[in-house]
Amino acid sequence: MKKTRTFKTLLVTGGAGFIGSNFILYLLRKYQDYQIINLDLLTYAGNLANLTEVEANPNYKFVKGDIADKKLIYNIVKDVDIIVNFAAESHVDRSILDSAAFIHTNIMGTHTLLEAARINGLKRFHHISTDEVFGHLGPYDPPFNEKTPYAPRSPYSASKAAADHLVNAYFNTYGLPTTISNCSNNYGPYQFPEKLHALFITNLLEGKKVPLYGDGRQIRDWLYVTDHCEAIDLIIHQGKPGETYCIGGACEKTNLAITKKILELLGQGEEMIEFVTDRPGHDRRYAIDFTKIKTELGWVPKTPFEEGMKQTVEWYRNNAQWWQNIKSGEYLEYYQKQYGIK
Ligand code: NAD
Ligand code: DAU
C-alpha cells in the first residue's frame, strides 16, 4: 500500500501560466478542502483570465509577486505545507534573444523558494522541470529516463538544469523533501500563443500562415496538459522525497506532422505552411521513457493524440476572445490598470 500524503495549504507558483492554471483548476475541482495560493508575477505569459472559473472560490487566493522576492516569499511560505513550482520563463526562442530573465526567475527564483522551504521545514517542494535538460537525441537513440546525464543546449534548458541541480542539492545537503518531474511538450487549453500548437491554431483561425522552422522534421513527444496535471498530483501525494520522475506522452511526432494535423482539423491546405529560418541550436528530437512513474505510481497518459488534438483545436475555436485579447495585447493593458505593471 502506497503512503498518500495530504496537505492543507499549497503554494502554486506560476499558476497564471499555461500548465500552472490548468493544475489549479484541476486541484480545486478534485480537492474541496485544499487552500491554494497562486503566486505569479504576471509577466507577458501570466493571464488571470485562465482562472475566472475559480476567482470567487474561497479556497483560492491570488498574490501578485516575484518568486525571487525574498521578503515576500519568506512571508508567504511561513503558512504553507508544500510548494509546487511552475513559475519560469518558459519559451526557448525568447531565451535565445535575451536570457537575463531566465537566469533571474528559473535559477535565482527557484533558489529563493528552496531557501524559504528549508527555513520553514516544508513537507514537500515539488519542482516542475523539462525533458530539455537532457539535451537532444538522434533518430535511433533510446528515450531519456531519470538516469540520462544532463546536457542542456539552450539558455532556457541550461537555466532549468541549474534549478534541478539546486533542488537535488537541497535534498542531499539539508534533507528538504523535494521531488522533480521532467516532462515532455504539453499542449491544450490556455497555452500562450507563442508555442507551436497555440500559435499555429490561432494564426490559421485568423487566416494567417504558420511559420515552420527549418525542415519541420524535428521531433517532440506530446502530452495533453491534463495528463501532466494528473502526474504531478500523484507525485506530490505519493512520490518519494529525493526522486525525479520523467513524464511523457508516448507520442513522438515531427513538427510537420503536428502542423498537418492542425491543418486537417481546421479544413485548410498545406499552402498555409511557410518554411522559415531554423531556430539556432534547434534540438532535433526529444523522447521520454516514463516506466518509473508508470510502475511506481501507476500513471499513464490517458488522452489519445487524436482526441487531444481535436479538443485543443475546438477549445481555441470556441475561446477566440481569450487569445485575441492576448494577440492584441489587451490583457496586458488590463494588468497595467489593475496592478500598475508596465
Ligand atoms: P508559461 O510561460 O505559460 O507560464 C509561466 C508562468 O510563470 C507565467 O504565469 C508567468 O507570469 C509566471 N512567472 C514568470 N516569472 C515569474 C516570477 N519571477 N515569479 C512569479 N511568477 C513568474 O509556462 P508553462 O508552459 O505553463 O510552463 C510551466 C512550467 O512547466 C515551467 O517551469 C516550464 O519550464 C515547465 N514545462 C513546460 C512544458 C511545456 O510544454 N509548456 C513542458 C515541460 C515543462
Ligand atoms: O520539451 C518541453 C519544452 O517544450 C518545455 O520545457 C518548454 O517550456 C516549452 O516551451 C516547449 O519547448 P519547445 O521549444 O519544444 O516548444 P515550442 O512550442 O516553442 O516549439 C515546439 C517545436 O516547434 C520546436 O521544435 C520548434 C518548432 N516551432 C515552434 C514555433 C513557436 C516552429 O517550427 N515554429 C514556431 O513558430
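I began with the shell around ligand 2, to which α6 (196-205) and β8 (210-213) each supply at least two residues. Helices (H or I, at least four residues) and strands (E, at least two) are DSSP runs, numbered from the N terminus. This is a predicted model, in which local features need pLDDT of at least 70 and side-chain atom pairs count only at pLDDT 80 or more, while totals for chains, interfaces and linings use all residues. Residues are numbered from 1 along each chain as its sequence is written, ligands are numbered from 1 in the order in which they are written, and side-chain values use heavy atoms, with hydrogens and water left out.

**Ligand 2**

I listed 24 residues around ligand 2, the closest being Thr 130, Asp 131, Tyr 156, Arg 279 and His 282; a residue is near if one of its heavy atoms lies within 4 Å. By class, I noted 10 nonpolar, 8 polar and 6 charged residues in this shell. Ala, Val, Leu, Ile, Met, Phe, Trp, Tyr, Cys and Pro count as nonpolar, Asp, Glu, Lys and Arg as charged, and the others, Gly among them, as polar.

I then looked up polar contacts (pairs of N or O atoms within 3.5 Å). A polar side-chain atom of Asn 185 is 2.7 Å from an oxygen atom of ligand 2. Backbone contacts to a ligand 2 oxygen atom come from Ser 90, at 2.8 Å, and from Leu 196, at 2.8 Å. Of the 690 Å² of accessible area that ligand 2 has on its own, the protein covers 94%; I took areas from the Shrake-Rupley method with a 1.4 Å probe.

**Ligand 1**

I found 29 residues around ligand 1, with Ile 19, Asp 40, Ser 90, Tyr 156 and Lys 160 nearest. The shell has 13 nonpolar, 12 polar and 4 charged residues. β5 gives the largest share, 3 residues. The elements that each supply at least two residues are α1 (18-30), β5 (124-130), α5 (155-174) and β7 (185-187).

Thr 105 puts a polar side-chain atom 2.9 Å from a nitrogen atom of ligand 1. A polar backbone atom of Gly 17 is 2.9 Å from an oxygen atom of ligand 1. I saw that the protein covers 97% of the 840 Å² of accessible area that ligand 1 has on its own.

**Whole protein**

I counted 12 helices and 12 strands. The radius of gyration (over C-alpha atoms) is 19 Å, close to the 20 Å from the globule rule (2.2 Å times the number of residues to the power 0.38) for 342 residues, so the protein is as compact as a globular protein of that length. Buried residues (under 20% relative accessible area, 1.4 Å probe, protein chains only) make up 55% of the 342.

Notes. A polar contact is a pair of N or O atoms within 3.5 Å; within protein, one must be able to donate a hydrogen and the other to accept it, and residues adjacent in sequence count only if both atoms are side-chain atoms. Buried means under 20% relative accessible area, exposed over 50%, partly exposed in between (1.4 Å probe, protein chains only).
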